[in-house]
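Keep the structure open while you read.

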Amino acid sequence: MGVGKSIIRLDSVEKVTGKTLYVEDIKMSNMLYAKVFRSPVAYGKIKNLDLELAKKVPGVKGIFTYKDVPGKNIIHVIYDDQIFLASDFVKYPGQPIAVIAANSEEACKEAIKKIKLEIEELEPLLDFEKSKNNSIKLYGDDNIFCKYHIDHGNMDIINDSDLISISDSYYTQHQEHAYIEPQGAVVYWEDNTLTIRGSMQAPFYVQQAVTEVLNMKKSRVRVIQQMTGGAFGGKEDVPNIVCSQAAICAYHLRQPVKIIYNREEDMQTMSKRHPARTDITLWADKTGKFVAVKGYYLENAGAFATLTPAVLYRGTIHLSGPYNIENVDVIGEAVATNTAPNGAYRGFGSPQTIFAMESIIDQMAEKLNMDPADIRQKNLLKLGDRTCTNQVLEDSVGLLEAFDKCIDESDYYNKIKEFKEYNNVSDNIKKGIGVSAVYYGVGLGDAGKHMSRAAGTAKIDGDGSVTVSVGVVDMGQGMRTVAAQMAAEFLGILEDNIVVSQVDTSRVLDSGPTVASRGTITAGWGILKALNKIKKRIHKFLEEKFNEKFEDIHYKDGKVLFGNHEESYFDVIKWATDKKLTLHAAALHIPPECSFDEHGQGDAYYTYAWGANVVETEVNTRTGEVKIIKATCAHDVGKAVNPREVKGQIMGGSLQGLGYGLMENMQVSSQGKFLTNNFSTYTIPTACDYPEWNPIIVEEKYPKGPYGAKGFAEQPLMGMAPALTNSIYNACGGRIKNIPAIPERVLESIRGKE
Amino acid sequence: MIIHIKFKVNGVDYDIKTENNKRLLDVLRDDLRLTGTKEGCGIGECGACTIIMDGEAVNSCMVLAGRANNTEIMTVEGLEKDGELSTLQDNFVKMGAVQCGFCTPGMLMSAKALLMKNPDPTVEEIKEAIAGNLCRCTGYTQIVEAIKKTGEENR
Ligand code: FES
Ligand code: FES
């Protein structure tokens, strides 16, 4: 019971029996199906759209275009630049133009075939490295959506001729979330309220987006987060689009409408991790102390800004890594291309820059003839140090502990020796070991501070059972279980007394999106603060009842302990209920303020998670194939509310990172389409690909977090690609500067060194 | 065209009329309202729709309804015995093999089909049996361990 215990997930029994209802499982009477008619080209001007024949297809109930949008024809995210249904121009392949509602999916498909679109195809801009100031103008004058600059210390120091420097450029590709449940929603009217059930991470975003598109009162748009089959960032902002598509049909037709994307449509049109190039130069002194770093991070944002400003913020700040470097000059820029808009994906812009920094560190180590782990160890951030944004680390810096544990438990130094000996005699199979260190700014940071809030409610019924709510969702990560554990701990009772409500905007309070590894901390803050209000009333009630003052009241093992009294929790609640004490409360917690000035200086995030990874590989130098043998991943999470689930996040996240580094290879055609739009061409790790895991939990408590917890679940992904490629280098001497490390590239990198 | 299918699903005899172009997945989910079986890709690549047909794990999105005639089928809804979780399900729950749960029904059916033929499989045999079932959440180890443990308990 309670915090720190690996209780079973509260939703797992329903899930193993097949009873859990996901969006695709909802069926309503009179329900219609919706499908989207999309742009066939990457860039073009719509000349004419003829729907007449399509409308006559039997079963079709309505076809809706921009002309039918009662509100703004915009999907609001950060900037208002994303068009809901294209009216004049289309800017990426698959951009929505019309939505068809019919009484069967077949009828929708038939109607799509009958829509006549006349479009003037324009030359698309696909190469993001050529986007800036290109004559093809997709955004403003220069195609730059946003830019950040971190200017820390004084870069004049690089003129010191005793410093050793090394520069390089690194490329990273699109990454597809590959949640196994595709995007979907069901929208219907209930009580004169447009009700949306969808697979999503941010119901309050959806509510806002649909409100604007349909020009409704926000309270008349009700969004319920249906059990969500994986998200990883891929259901942060894009459900705004999916839900609006079904919503416009239901709005006009007053009938339930279901939309489920098929896999190809999902992969073709939904957000991905931003492809990027990172140019980096690192300066160190002869002892391996990092002195300065200069970076330029260029992100391909795709056709619209969507979440890019926030994604770029994180990637720029995380470029210089968890190291104490006094002089940092980093510029991040995101540019437009005629490809699907890129957005949030676990790590949120940071895996790209981390790949660059963690690779260049290994190159520096080699130049200085140092071990890659030693050079990192020497530079890791410690309590009291300053980050690249000049933020003083005041608490919860478990980096050194995570790093040392990772190195120890992976038996790193012995393996370095052992593998060297092995490789000397082995013909074409070479073994390698690689390391990376990472940190993760928890929460939305300065870029998202307007949404940073935690609002909870709590209600204790007369029988002592408790219902709590907070506006963050469970998308498979286990948020509701962890929230129940914290509430149970707080009241000293078992989790089976606690119900954590499903997020429903009509009854749960806006706590911002469930992103940025902020679920645990947000849930804890909101729920515990609400419960604490009730506890205070109970305190006063008990003092009056016993006519005594009590310093503290403790809730433990189903008992309430105060003064010399020890009473059953359930009796106390019954007494309080009988006296009509208010046993419900709502509370709002505002997390610590973040800041970021024009020099990129300030308290960028309220706290940080820390981690280190060691990856062992076997490289076949004849075929270029890489086998991942073992991964040791240590993460400082503040406090593991449920250690088993924390380890689940470590292993699952790390495998996504290994997939990113090794095999996930999104291919874009010369027309801007994704050629790899299903699981046979876009391959993700299977049960035959995962390594032996050693997930390690480090708990350096965050004093301002609930029970010392912070957040971390994005971090496991972030440093895996460079740990992998560093391991490949250690095995065969081939330096991968462009992930994924597919066999051709591995072979090329081996040839390159010769 | 309407066809007639007689088959047994989770021990219950069915005799239904349905469209010949329907996939078995749709028959189970729409006609029988057994929605535990999931659709993740519709083209035989993710394994979310795995069911057991005459003892073999198959992707029900790749099977036309007509082929189900005279077969015996088991879906995730058939795993419980008298309202109690089977050992396999229980081990999935206890060992953290479930996160978002969307891959879980298919994963369970591939595991069950393996255990029916090979009651105490090795880790390699398990990996092979679930190689067609994608899970994006867990990192797989917990799933493999849950199946392994179920096998050991069969000894
Ligand atoms: S839905 Fe059948 S294999 Fe993916
Ligand atoms: S638990 Fe989410 S896909 Fe496996």
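Val468(A) has Val500(A) in β19(A) as its bridge partner. The two strands involved, β18 (residues 466-470) and β19 of chain A, pair in the parallel sense over 3 bridges. Pairing here requires at least two bridges found by DSSP. Strands are DSSP runs of E with at least two residues, helices are runs of H or I with at least four, and both are numbered from the N terminus.

This is a predicted model: local features need pLDDT of at least 70, and side-chain atom pairs count only at pLDDT 80 or more, while totals for chains, interfaces and linings use all residues. Residues are numbered from 1 along each chain as its sequence is written, chains are lettered from A and ligands numbered from 1 in the order written, and side-chain values use heavy atoms, without hydrogens and water.

**The sheet with β19**
- Four strands of chain A form an open, mixed sheet in the order β19-β18-β17-β23.
- β19 (498-500) and β23 (584-589) of chain A are the edge strands, and each pairs on one side only.
- The twist averages 15° from one strand to the next. Axes are lines fitted to C-alpha atoms, for helices over the stretch in contact, and angles run from 0 to 180 degrees between N-to-C directions.
- Helix α12 (residues 479-491) of chain A packs on this sheet and touches β17, β18 and β19 of chain A. Contact means heavy atoms within 4.5 Å.
- The direction of α12 makes about 140° with that of β19(A).

**The sheet with β16**
- A mixed, open sheet of 4 strands runs in the order β16-β24-β25-β26 in chain A.
- β16 (429-442) and β26 (692-698) of chain A each have a single partner strand, so one side of each lacks a neighbour in the sheet.
- β24 (residues 607-620) and β25 (residues 626-636) of chain A pair in the antiparallel sense over 10 bridges.
- Val615(A) stands opposite Ala631(A) in β25(A).
- Helix α17 (residues 720-732) of chain A packs on the sheet, touching β16, β24 and β25 of chain A.

**Where chains A and B meet**
- Chain B gives 44 residues to the contact and chain A gives 50.
- The count between the two chains is 5 salt bridges. A salt bridge is a side-chain nitrogen of Lys or Arg within 4 Å of a carboxyl oxygen of Asp or Glu.
- Glu664(A) and Arg136(B) meet through their side chains in a salt bridge (2.7 Å, N to O).
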